[in-house]
Amino acid sequence: MRLRLAFMTATRTPGMPVVEDGFLVSTSPATGAEAGRVPISDEKAVQAAVDRARTAGAWWAGLGFDARRTRLLQWRALLAQRIEELAALTHAETGKPPADAIVEATAAIEHIDWAARNAKRVLGPRRMRTRLLVAEHSGHLEYQPYGVIGVIGPWNYPILTPLGPISGALAAGNAVVLKPSEYTPAVGQWLADTFAEIVPEQPVLQAVHGLGDVGAALCRAGVGKIAFTGSTATAKKVMATCAETLTPVLLEAGGKDALIVDADADVDAAAEAAVWGSMTNAGQTCIGIERVYAVAPVYDAFVAAVVEKAGKLRIGEEIGPITMPSQIDIIRRHIDDALAGGGRALLGGADAVQPPHVSPTVLVDVPEDSAAIREETFGPTVTITKVADTDEAVTRANALPYGLGGAVFGKANGIRIARRLHTGMVAVNSTLSFVGMATLPFGGVGDSGFGRIHGEDGLREFGRAKSITVRRAPSLLPAMTFERTPAQVQRIVKAVKLLYGRRP
């Protein structure tokens with residue numbers, strides 16, 4: 001059943017999804033207007049979707065890399081041609097500014113393009129070099145699709161984030177069952193519907209809808225792998241559910257990313273990037289900059305520049321509403337806790353929280369044990385801390401269990417500092433840029449999850465490595481047989497000593 005849109009119907013509680021007559025109704029967090037409605041999927045419906053996907057996946061895999069490439073590039077073209085429509089729907093469901101939705105869709109289109117063009121090179125069959133001790137065998141490697149990949153997507157980036165694993169999974173030859181967030185089901189259904197326009201023969205990409213129980217049903221439905229994006233707490237629940245059937249998982253969980261500003265940084269550029277990294281999408285970004293550690297020589301100038309630039313942002317223009325209403329209480333608690341602990345708000349503060357919006361807030365002198373430093377805020381706030389040097393900055397940045405992304409501004413030692421951060425990704429002299437680079441893997445460590453999407457590593461997540469050896473000659477050193485003779489064993493000993501016995 002296709003998505004039913006209704007942008008101008010009666011208002012509801014802003015942002016809250018509603019279950020009504022078997023449908024999940026999404027609403028604008030800014031106005032409460034209905035954005036769309038999709039049918040709820042119960043456990044049987046989820047299982048039926050996975051069963052259909054299993055048949056569709058076999059058909060899709062049978063097309064081969066070249067035919068899949070053609071279809072995926074056709075889908076990419078359709079998305080590009082209808083990007084304004086997709087952006088408008090995303091704006092309606094999330095409240096994010098249409099320009100931000102355009103940027104999000106653009107990055108997603110780039111990832112589809114790269115995955116389609118590179119899947120055969122990365123995953124296709126290849127001959128592997130052999131070694132002398134098994135020289136009579138040739139080695140072959142290929143990556144075979146899992147069959148069906150379950151994707152559980154988030155609400156903050158409902159286009160880009162799910163299309164990362166979806167594009168990799170489809171390019172690798174899998175069918176996909178997508179469970180979008182209950183806050184953004186219309187965008188998820190739109191993606192499935194447009195793919196069906198390009199691939200009408202089989203339901204290769206399907207969407208199932210509902211609350212958390214639908215995600216749990218998808219984990220138990222016999223998919224080959226689950227790719228999840230969301231909070232760390234929910235990631236643990238997904239992993240526990242998948243453990244019941246030993247279903248492998250790819251988890252992109254929470255973050256508390258830090259920016260380090262070194263003494264030789266371009267302060268104005270660092271401030272601009274800090275404001276973008278912390279305030280874009282109203283701060284509702286898993287790789288958003290929530291902490292800044294600036295060395296003493298540039299601290300004052302950097303803080304002043306951040307306050308000046310962030311102060312120009314306008315509610316309803318650059319800063320949209322908080323998509324999930326319950327997040328507002330978390331943002332308020334973090335600001336209040338920071339101020340109660342001795343922190344100061346140089347912009348925004350306690351009065352910044354005016355549901356459904358939160359104004360840009362810049363906090364300084366915040367204790368390191370406060371919630372604003374240690375917990376994921378997911379709002380347009382940033383803490384800035386003065387440090388003596390980059391060694392102290394790195395120590396503080398690495399002190400949390402999260403390890404998703406991060407950023408460094410500095411000329412002489414930027415890359416050296418980046419390598420010391422315990423994260424999956426770091427941007428040097430920019431923020432968030434790694435998410436748009438299709439050639440690079442995306443993912444975290446620690447409480448931020450494991451596994452990768454995007455790039456070659458991301459493609460390999462959606463194929464099982466299959467190793468094949470083929471005998472091509474008699475064995476010169478027969479080892480794997482009960483028919484070997486003592487003399488042959490001695491020849492093996494001599495060969496091992498000759499090949500490996502000399503110290504480097």
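I take a polar contact to be a pair of N or O atoms within 3.5 Å; within protein, one must be able to donate a hydrogen and the other to accept it, and residues adjacent in sequence count only if both atoms are side-chain atoms.

I note that this is a predicted model, in which local features need pLDDT of at least 70 and side-chain atom pairs count only at pLDDT 80 or more, while totals for chains, interfaces and linings use all residues. Residues are numbered from 1 along each chain as its sequence is written, and side-chain values use heavy atoms, with hydrogens and water left out.

**Entry 1: T27.** A polar atom of the T27 side chain lies 3.1 Å from the backbone oxygen of M16. The backbone nitrogen of G15 is likewise 3.1 Å from a polar atom of that side chain. I record T27 as buried because its relative accessibility is 1% (buried is under 20% relative accessible area, exposed over 50%, partly exposed in between, with a 1.4 Å probe and protein chains only).

**Entry 2: annotated span.** I found that UniProt, in an unreviewed entry, places the feature "domain: Aldehyde dehydrogenase" at residues 26–468; such annotations may be inferred rather than shown by experiment. For residues 26–468 I note 43% helix and 21% strand, with the end C-alpha atoms 49 Å apart.

**Entry 3: salt bridges.** I find 26 salt bridges in the structure (a side-chain nitrogen of Lys or Arg within 4 Å of a carboxyl oxygen of Asp or Glu).

I first took R117 and D113, whose side chains meet at 3.0 Å, N to O. Both residues lie in helix 4 (residues 98–123), 4 residues apart, about one turn of the helix. R117 is partly exposed at 43% relative accessibility, whereas D113 is buried at 16%.

I then took R220 and E244, with the closest N and O atoms 2.9 Å apart. R220 lies in the loop between helix 7 and strand 10 and E244 in the loop between helix 8 and strand 11, so the pair ties together parts 24 residues apart in sequence. I record R220 as partly exposed at 44% and E244 as exposed at 51%.

For the salt bridge of K225 with E461, I note 2.7 Å between the closest N and O atoms. K225 in strand 10 and E461 in the loop between helix 15 and strand 24 are 236 residues apart, and the pair links distant parts of the chain. Both residues, K225 and E461, are buried. I also found R121, E456, D457 and R460 joined into one network by salt bridges that share partners.

Conventions
Helices (H or I, at least four residues) and strands (E, at least two) are DSSP runs, numbered from the N terminus.
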